[in-house]
Amino acid sequence: MRSDALLPNGVQVLERGWLSSNNIVLTGGDEGPALVDSGYYLHSAQTVALVDQALQGQALRFLLNTHLHSDHCGGNAALQAAYPGLHTSIAPGQAAAVRNWCPQTLSYTPTGQHCPPFTYDSLLAPGQERRLGLQTWQIHAAPGHDTHAVLLFEPVHRVLISADALWENGFGVVFPELDGQDAFDSVAATLDLIDALQPAVVIPGHGKVFSDVPQALARARKRLDYFVQQPARHRNYAGKVLLKFRLLELQQVPSADLLDWACATPYLQALWQRFHADQPLQAYVLDLLEQLVQAGAAARQGALLVNQD
Ligand SMILES: [Zn+2]
């Protein structure tokens, strides 16, 4: 599925789902085609096929990641294998963790997610610009959802690649908060930055391209305010997101297996230990699962839990 009606020449969005981030294909420039973000590893064969189709026989030359969550760079290894000589750029904050491949620092161990190891060639330093396809894109730091994330902004057509800092309806879990770091202020500052850039069109990390940016910013700020007022709501949301991601990955799973996975997943263990230790870990996880069922995000079929979109 593509949603390029609002976009300038040479910018194509491969709209994916929630397990895999959107992929942005940038073509037409002298330097060769570029891709921003590569989806989750489970979909990497599909990602390579979609990119191949979008490039119509050209080889992908550049790969960039807005941040290194598993759903944004899980296809990096497959793309690097498919396109020899592919030049990969990441934000500077986690360069050492990629060089030494540290799944703990890169969040894959804490979230119970997976990302095949990949390498990088250069850094996306905030304040610099990169020529990608037919446009020149500014690199901006975008901490909040992820401390090391960057945004890409093209000032002529005012197109923003926002990743998980701004969606049409909200923004991604504020992961540093789960590590006990105050990051809601960073989310607010990044929303202010987006406001100041005055984008006409936003390509989010998930969901369709949108142009009613003031409305999206208003919704995001309201949601942030709700979390700031009641941080327990954010932690509850984060717990559910981790479980839902696993369910998206497996599609259906014996409830007991999902419970075992959750009880062995460090972020869920930590949330339980810090805020819910008055009840057993299993009871805490079962309550989150029940909330997903009540919300229609999962359904019970006998001993199975089944993903519901
Ligand atoms: Zn993310």
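**View 1. Strands β12 and β14 are joined by three bridges and run antiparallel.** β14 spans residues 304–307. Strands are DSSP E runs of at least two residues, helices H or I runs of at least four, both numbered from the N terminus. Pairing takes at least two DSSP bridges between two strands. Gln-252 stands opposite Val-306 in β14. The model is predicted: local features need pLDDT of at least 70, side-chain atom pairs count only at pLDDT 80 or more, and totals for chains, interfaces and linings use all residues. Residues are numbered from 1 along each chain as its sequence is written, and side-chain values use heavy atoms, without hydrogens and water.

**View 2. The open sheet has the order β12-β14-β13, with antiparallel pairing.** β12 (252–254) and β13 (298–301) are the edge strands, each with a single partner strand, so one side of each lacks a neighbour in the sheet.

**View 3. Four protein donors hold the zinc ion.** They are His-67 (NE2), His-69 (ND1), His-145 (NE2) and Asp-164 (OD), 2.1 to 2.3 Å from the ion. Donors are N, O and S atoms within 2.8 Å of the metal (3.2 Å for Na, K and Ca); water is not among the atoms, so sites may look incomplete. His-69 lies in the loop between β4 (62–64) and α2 (70–73), and Asp-164 in the loop between β10 and α6 (175–178), so the pair ties together parts 95 residues apart in sequence. Both residues, His-69 and Asp-164, are buried (under 20% relative accessible area; exposed is over 50%, partly exposed in between; 1.4 Å probe, protein chains only).

**View 4. β10 (residues 159–163) and β11 pair in the parallel sense over four bridges.** Ala-163 has Pro-204 of β11 as its bridge partner.
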